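Open the model in your viewer and keep the sequence panel beside it. The tour goes from one selection to the next, with a note on what to look for at each stop.

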Amino acid sequence: MLVQDRVLPEHAGSTKSPRSPRAAPGSDRRHPRPFAKSLDFSNWAADHSSKLLLLLFAVASVAAVFLLRGAGPDAAALLCLDRSASRSASGPAKLPYPDVAWSKIPPLAIASAVPFASFRAERWIVVSVSSPPTAALAALTRVKGWQLLAVGNSHTPSGWDLKGAIFLSLDLQAQLGYRSVDFLPYASHVRKTAGYLFAIQHGAKLIFDADDRAEVPGNDLGKHFDVDLGSGIANHPVLLQYSHADPNRTVVNPYVHFGQRSVWPRGLPLDKVGEVAHEAFYTEIFSGRQFIQQGLSDGLPDVDAVFYFTRKPPTAPFDLRFDPEAPKVALPQGMMAPVNSFNTLFHAQAFWGLMMPVSVSSMAADVIRGYWAQRILWEIGGYVAFYPPTIYRKDHVQAYPFAEEKDLHVNVGRLIKFLNEWRSNKQSLFEKILDLSYAMAEEGFWMEQDVRLTAAWLQDLLAAGYRQPRLMSLEIDRQRATIGEGDMKEFVPKKLPSVHLGVDEIGTVNYEIGNLIKWRKNFGNVVLIMHVSGPVDRVALEWRLLYGRIFKTVIILAEHSNAELAVERCPLSHAYKYLPKVFARYGGADGFLFLQDHMILNYWNLLQADKEKLWITDKIAHSWVTIPLESNKEEWFVKQGAMVKQVVGSSPVHFQSKYKESMGEDKIVFCGSELFYVPRQFVEDFGDLVGLVGSLDLHHKIAVPMFFLAMDSPQNFDSEALAGTVFKTNLAANETFSSIYTAQSPAVFPVKVMNEIDFIKVIRLMSKGDPLLMELV
């Protein structure tokens, strides 16, 4: 699932959950003993009426506390969600926008009873721990001038302890009084959010976000990062910066700059993997505002599951090296790159950017956070810089499921575009941050839970004494300076070996990745509109994950809407009437492919299809059927035929003439319309025809073929694109989808996917044409 489920902590030898710091007073007290003697109730009640009233009042008060506490952290966090925009009968409810009283947030004092209450340090290393202390963690306690903070979760062994480290158990986290803690899943590394707040409240000016296997060469982070930006001008007067000459270039692979052209970071859009050429030139920027510094990792760098599973045998570890002499490089406003939680230094000016979302898949949380933080960083004139290897990470050959990254591969390209286009007129930094979090929830990049978490997180920062940085004007909204010849700085990266067990991958990507890039480039600007008949709560995300790797975006339609899953309501019988709304959203798309979930699309067989022409299954005998109207006894076809005549008769000459040339007036076409493609040049015509239909009850299976015949002559269709489709109206008793499926066909019908098990079966079949799909299961 997309949403990180909250699981109860698993304390060794105990089933007791950590108690919330805001639990009802006395809620764990035992009941008093019953009276030993019996009393006449009426007399007793009369004698104790005032006590009874007090007792009833106390019970009501306790119940109210529990109700408020059960309502979520927003009830106890100076956070009032505006519920005025509730669900309407016409569509999904508008997300409630948090209303935070920024000026009324009281300071959060450190309780003297809490361990380490008086401890303060300016430099902190924050890690999440799920296993016993390791040698790498012990080494982090010896990094000069830094305090290690280990944040526990429900997987952390009981009694975890490491000399020199501060350990925040689940119980201790619950005592700290942070609003954010109530949103954090128990069994997840995103509980580091509590650790960030602890460090900030205890004097942090620098936070190194790391994982539990980071080994710092020389035990000195100051040799690898710019830890003192105040003196940066003197020691590091300028940094190389990627050129902003191409305003359409919004994301880069920094690994190329450091000598590894065939490696890419987790969170890089897969259609950018093939961009392996070095920069034509760089520019320069003054040092001092690189508030987020991303280091590279030798050994096992931060790579995605696609790279990890396809570049070596399953039991072989990675041991990659980057160029330690390559200069650090900054990103200009308008350009982004993946930022992780394994090896990243945050200066105080960017502490607000440490919050990790909780409603996305676990291995997507830090990368989505990184893109979110980069965009907000521009609002204060800051930027991200990348540094040559700062740590060594050992590969334990313990891979994680590809599904844990699904939010990245489906949405990251769209997220980057959205962030570059997003603007806010809010007047303070925290208001802008909350505004962006809300906008991202509206767009489906994360859910309402993260909007509420953002509001709680920002309040926690203020309560802990954090001061908001000052806003600055956006450079990307100003006229950029012309890059003169003297401003161009050249650096040619080394071409380091990327060899795994004798397989040299310099300058290449393997066959499967190459195919994925090729398919993405071909369909990356095509919108897939999919109508799902199965239960959307079980299959919508899976379909989006499957096809979102290939297409610009995947729009899910169904008979009933689901706001949490971004499923839009659209009855299949009139699905064509909804399509112009989707067309209008994506005016720059090359085209739109409609697909019903009863048909599987083998996209790898459609590379030769003409994206400038209409496609439909007009060459499939059982899918495209001509129905005579004269003497037709079936009332449904007679009524549909009458409506077709009415629409055609009222159509402009170009529609009417094309349709009548193909069909005349005494017959219509019945087509299942399970799969068809409308290129950009026909989008306006399609919308005009929908308008001509108006309120008529013309069925999807009649309207779509009529539209196609009115828009263009059948000889101009790319009929060969779908001509090889396997199409069975009814499966024989001894037939299954597995028995009729072939990876050599452009599409296969019918299939029935009702749950994740069915989806896995389909994926295994499709992997014959796209082997990387096996990483989804």
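A residue counts as buried when its relative accessible area is under 20%, as exposed when that area is over 50%, and as partly exposed in between. Keep in mind that this is a predicted model.

**Stop 1: a tryptophan pair**

Select Trp 519. With a relative accessible area of 4%, Trp 519 is buried. How are the two rings placed? A pair of aromatic rings is described by the distance of the centres and the angle of the planes. For Trp 519 and Trp 604 the centres are 6.2 Å apart and the planes make an angle of 45°, a tilted pair.

Next, colour the chain by secondary structure. Trp 519 belongs to helix 13 (residues 511–523), while Trp 604 sits in the loop between strand 20 (600–601) and strand 21 (615–616), so the pair ties together parts that are 85 residues apart in sequence.

The structure as a whole holds 38 aromatic pairs.

**Stop 2: an edge-to-face pair**

Select Trp 636 and Phe 637. Their ring centres are 5.2 Å apart and their planes stand at 80°, so this pair is edge-to-face. Are the two residues buried or exposed? Trp 636 is partly exposed, with a relative accessible area of 35%, whereas Phe 637 is buried at 12%.

**Stop 3: Glu 568**

Move to strand 18 (residues 567–569) and pick Glu 568. Its relative accessibility is 16%, so Glu 568 counts as buried. Which side chain does Glu 568 join by a polar contact? The partner is Tyr 578, at 2.3 Å. Show the surroundings as well: beyond its neighbours within four places in sequence, Glu 568 is in contact with Ile 555, Ile 556, Leu 557, Ala 558, Ser 561, Tyr 578 and Arg 585.

**Stop 4: helix 12**

Finally, select residues 448–463, which make up helix 12. Of its 16 residues, 13 are buried, so by the under 20% cut-off the helix is mostly covered. Use the distance tool on the C-alpha atoms at its ends: they are 23 Å apart. At 1.5 Å a residue, a helix of 16 residues should span 22 Å, which agrees. Just after helix 12, look at Gly 465, which has a positive phi of about 95°.

Definitions and conventions: Residues are numbered from 1 along each chain as its sequence is written. This is a predicted model: local features need pLDDT of at least 70, side-chain atom pairs count only at pLDDT 80 or more; totals for chains, interfaces and linings use all residues. Side-chain values use heavy atoms; hydrogens and water are left out. Helices (H or I, at least four residues) and strands (E, at least two) are DSSP runs, numbered from the N terminus. The expected span of a helix is 1.5 Å times one less than its number of residues. Buried means under 20% relative accessible area, exposed over 50%, partly exposed in between (1.4 Å probe, protein chains only). Rings of Phe, Tyr and Trp (its six-membered ring) pair if their centres lie within 6.5 Å; planes under 30 degrees apart count as stacked, over 60 as edge-to-face and the rest as tilted. A polar contact is a pair of N or O atoms within 3.5 Å; within protein, one must be able to donate a hydrogen and the other to accept it, and residues adjacent in sequence count only if both atoms are side-chain atoms. Contact means heavy atoms within 4.5 Å.
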